[in-house]
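Let's take a walk through this protein together, one part at a time. Keep the structure open beside you as you read.

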Amino acid sequence: MMLAPEWMKNAKFPFGCVLIANRGEVACRIARACKELQLSTVAIYTSSDNNSPLLDLCDQNYLLEGETLQETFLNIEAIIDAAKKTGAQAIHPGFGFLSESAKFAKAVTEAELVWIGPSPESIEIMGDKMSAREKMKSVGVPLVPGHEVYSTKINEIHKELIDASSKLGFPLLLKASAGGGGKGMRVVNRPSELAEAIEAAQREAQTAFGDGRIYVEKLLTDCKHIEIQILADGYGNILHLGERECSLQRRHQKVIEECPSPAIGERLRNLMGAAGIAAAAAVTYMGAGTVEFLLDEDKFYFLEMNTRLQVEHPVTEFVTGIDIVHEQFRIAAGLPLGMSQKQISMKGHSIESRVYAEDPSSGFLPSAGPLLRLTMPQGPGIRIDSGVVEGNIIDTNFDPMIAKIIVHANDRETAIMRMKNALRETVLLGLQTNIEFLHALLCDEDVVNGNTDTNLIERKWPNGWTPPNDSELFALGAMACIISEKRGPAYSSQSNNNVINNDPFLKLNSKFP
């Protein structure tokens, strides 16, 4: 249960209407927070979002004209124009899209609107991985051994990286200085691979981010991905809300997250928390942010800082009882943090599963289609963050995440069981999803024991994951659609026991361990 801080009762915001510059589940999450804070909301949407539940949650809806992302959710001028026309006084960017765009943050403030996020300067420094590394060096935050390359000429880059590789040793990881999401990254196992990898990484970085700069790090294998949640106000107060375990990934994208990490004790939590605070202080950070680290046994190294709300923030909210989105609005309103580090405690264990529209058997490639049936789990300790309803169409123009299932329990073992039950109760028909794969992950011995690392999924399922009796499950799903259409009031009567015993929904559930 979230804390209901006293500040909400007497808070005076310098804004009364918020435009949510996003869509889907995060936009719905922000809209609900605004209602709780008695702030009115504006949703921006495109023609493909006509049936989105967000439109019912918000007080005003503004159609963005255009077909492409560049014309709509990445169109800074159009979004600010929407805010002006609807009377919005503040903009919350959510995550993804323009949330980490220093240019957007600056344009919002120059338009005399309130930006619900950190300063453009903080975003710019931390959004550039090379400048972020330089800044972390200056304040003593541990870094993965590496080398920053400031030239954009292939021959000069190649020479520098050859020199660096002799000192760092192989394998190496080439990374784009701008952007994220795994784009512009290449693993190099031997010197003969360098030239081709440099060209590929630079080309991909230029295409994805308009910035071809790359740098190199020593590739640390079998590491954990741990992140620290930060809150910072405009008065020099910075807190950390503990860590999140984010090691379960495919294609550098997180799949399951949990809080706290089973690998972190109190001493290491305090050390990593202090490093996260130092990182935020180095760029005079203000707002909610996440500092990501690689953990190699008991040594940790700075990876990057996400200058926005994080997808997996609900697990921290469950464990700490602190509503992070409420705190974002509080900080943007110029209010100081209403708590001290000593007041923050972690109670119980929380796990989040990301339900993706993707086909695990085809290397987790995105899938598309209509949500013919959508039934999400309910019960104690279960939270669903979603931005879709039954009948919506999932297409490949946007992020493939359909929903997040988040659970909380007194301990990790119970949280795992609660999540497995929640996944069993989830019915999603009409397109391929990763629901069964998520359940299989939580049954894996290494996951159950907390022995995870960022390569676990690719190591165990290098060609993707195929469910047992796949064809039978597909047939049962089709039967479920047909039978559910024919269900009537008499369906649950004693006279229909034979129908109930052959219910494809029940058979689908029985396929899970």
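**A guided walk through the fold**

Among contacts in the protein between residues at least 6 apart in sequence, 67% join residues at least 24 apart. Please keep in mind that what you are looking at is a predicted model. The protein has 513 residues, and 56% of them count as buried. In its secondary structure you will find 19 helices and 23 strands.

Five strands make up an open sheet in the order 3-2-1-4-5, and their pairing is parallel. Strand 3 (60-63) and strand 5 (114-115) are at the edges with a single partner strand each, so one side of each has no neighbour in the sheet. One place to look is alanine 43, whose bridge partner in strand 3 is asparagine 61.

What lies across strand 1, strand 2, strand 3 and strand 4? That is helix 4 (residues 76-86), which runs at about 140° to strand 3. In the numbering used here, strand 1 covers 17-20 and strand 4 covers 90-92.

With a relative accessible area of 6%, cysteine 17 is buried. The structure as a whole holds zero disulfides. For cysteine 17, the nearest cysteine sulfur belongs to cysteine 34 and is 8.7 Å away. A disulfide here requires sulfur atoms within 2.5 Å, so cysteine 17 is in no disulfide. Elsewhere in the chain, cysteine 443 is partly exposed, with a relative accessible area of 30%.

Cysteine 34 also leads us on to a pair of helices. Helix 2 (residues 24-36) packs against helix 12 (residues 324-332) at an angle of about 65°, and their axes are 9 Å apart. The crossing of helix 2 with helix 12 is right-handed. Which residues meet where these helices touch? From helix 2 come Arg29, Ile30, Ala33, Cys34 and Glu36, and from helix 12 come Val325, His326 and Phe329. By type, the residues of this contact between helix 2 and helix 12 are five nonpolar, one polar and two charged.

Stay with helix 12 for a moment, and find isoleucine 324 there. Is isoleucine 324 buried or exposed? Its relative accessibility is 0%, so isoleucine 324 counts as buried. Leaving aside residues up to four places away in sequence, isoleucine 324 touches Gln229, Leu231, Leu241, Ala288, Leu309, His313, Thr316 and Glu317. Glycine 287 is 37 residues from isoleucine 324 in sequence, and the C-alpha atoms of the two are 9.6 Å apart in space.

Strand 10 (residues 224-232) pairs with strand 11 in the antiparallel sense, over six bridges. Within this pairing, isoleucine 228 has glutamate 243 in strand 11 as its bridge partner. The two strands form a hairpin with five residues between them, where glycine 236 takes a positive phi near 85°.

Strand 11 (residues 238-250) also pairs with strand 12, again in the antiparallel sense, over four bridges. Here arginine 250 is bridged to glutamine 253 in strand 12, and glutamine 249 stands opposite lysine 254. This hairpin has two residues between its strands, and arginine 251 in the turn has a positive phi of about 55°.

How many residues of strand 11 are buried? The count is 13 of its 13 residues, and strand 11 is mostly covered. In strand 12 (residues 253-259), six of the seven residues are buried, so the rest of the structure largely encloses this strand. Strand 12 has a further antiparallel partner in strand 15 (residues 349-356), with four bridges between them. To find this pairing in the model, look for isoleucine 256, which stands opposite serine 353 in strand 15.

Conventions
Residues are numbered from 1 along each chain as its sequence is written. This is a predicted model: local features need pLDDT of at least 70, side-chain atom pairs count only at pLDDT 80 or more; totals for chains, interfaces and linings use all residues. Side-chain values use heavy atoms; hydrogens and water are left out. Two strands pair if DSSP finds at least two bridges between them. Contact means heavy atoms within 4.5 Å. Axes are lines fitted to C-alpha atoms, for helices over the stretch in contact, and angles run from 0 to 180 degrees between N-to-C directions. A crossing is left-handed if the near helix is turned anticlockwise from the far one by less than a right angle, and right-handed if clockwise. Ala, Val, Leu, Ile, Met, Phe, Trp, Tyr, Cys and Pro count as nonpolar, Asp, Glu, Lys and Arg as charged, and the others, Gly among them, as polar. Buried means under 20% relative accessible area, exposed over 50%, partly exposed in between (1.4 Å probe, protein chains only).
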